[in-house]
Amino acid sequence: MTTRRDTHAPRRSARAPRHRSGAPPSPGGAPLRLTARGAVLCIVLASLVSALAATAVGHSAVNGAAFAAACVLAALTVRSSDLLALSVSPPLAYFCGALAAECLLTLGGDNFVRGVAVGLGARLAEAAPWLFGGTALLLVITVLRGLARNVRELGDELNGRRRRRPRRGPS
């Protein structure tokens, strides 16, 4: 005698699939959201590629403008819970990308360490206004997106307080 095991299995409804949070997916698709790590990686990669491109075309403004654009894009696409982690990272992310670019550009030279040090110093000096501007833009955008809330939550967590619940209007 053959029995069917799937007769007692729960049946799925014909409703649309739901997201992990339980909410149905939006019709236009969810906006792209990056983690802080992903956003910082995008800034590093943009800095690396733009440093190589700036050397190839001979214009240092290419490097700085790409960094500023990557900062704005990262600030707009990062998850709101990761705003604090992103807000402190752009200068270090640029340094890592520029260091990698200088290492690639100096390969095969006479004195590798000296070439990287001189090239990196010159690149940082040329890009300083762009670094300040890109970081300032990122900070303005993250403040508008809720950076203060992240700072409050971190303070509450460090002081051992319970998480604050959002205030609700009169019902």
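Is Phe67 buried or exposed? Phe67 is buried, with a relative accessible area of 1%. The model is predicted.

**Packing of H1 and H4**

- Helix H1 covers residues 36-57, and helix H4 covers residues 90-106.
- The two helices pack at an angle of about 40°, and their axes lie 8 Å apart.
- That angle makes H1 oblique to H4.
- The crossing of H1 past H4 is right-handed.
- On the H1 side, the contact is made by Val40, Ile43, Val44, Ser47, Leu48, Ala51, Leu52 and Thr55.
- On the H4 side, the contact is made by Pro90, Ala93, Tyr94, Cys96, Gly97, Ala100, Ala101, Leu104 and Leu105.
- By class, the residues of this contact comprise 14 nonpolar, 3 polar and no charged.

- The structure holds 1 aromatic pair.
- A pair of aromatic rings is described by the distance of the centres and the angle of the planes.
- The ring centres of Phe67 and Tyr94 are 5.3 Å apart.
- Their planes stand at 75°, so the pair is edge-to-face; the cut-off for that class is over 60 degrees.
- Phe67 sits in helix H2 (residues 61-77) and Tyr94 in helix H4.
- The pair links distant parts of the chain, with the partners 27 residues apart.

- Tyr94 counts as buried, at 1% relative accessibility.
- Phe67 is buried too, with a relative accessible area of 1%; buried means under 20%.
- Tyr94 belongs to the contact of H4 with H1 and also pairs with Phe67.

Key. Residues numbered from 1 in each chain as written. Predicted model: local features only at pLDDT ≥ 70, side-chain atom pairs only at ≥ 80, totals over all residues. Heavy atoms only, no water. Axes fitted to C-alpha atoms, helices over the stretch in contact; angles between N-to-C directions. Helix = DSSP H or I, 4+ residues; strand = E, 2+ residues; numbered from the N terminus. Parallel < 35°, antiparallel > 145°, perpendicular 65-115°, else oblique. Left-handed = near helix turned anticlockwise from the far one by under 90°. Contact = heavy atoms within 4.5 Å. Nonpolar A, V, L, I, M, F, W, Y, C, P; charged D, E, K, R; others polar. Phe/Tyr/Trp six-rings, centres within 6.5 Å; stacked < 30°, edge-to-face > 60°. Buried < 20%, exposed > 50% of the residue type's maximum accessible area, 1.4 Å probe, protein only.
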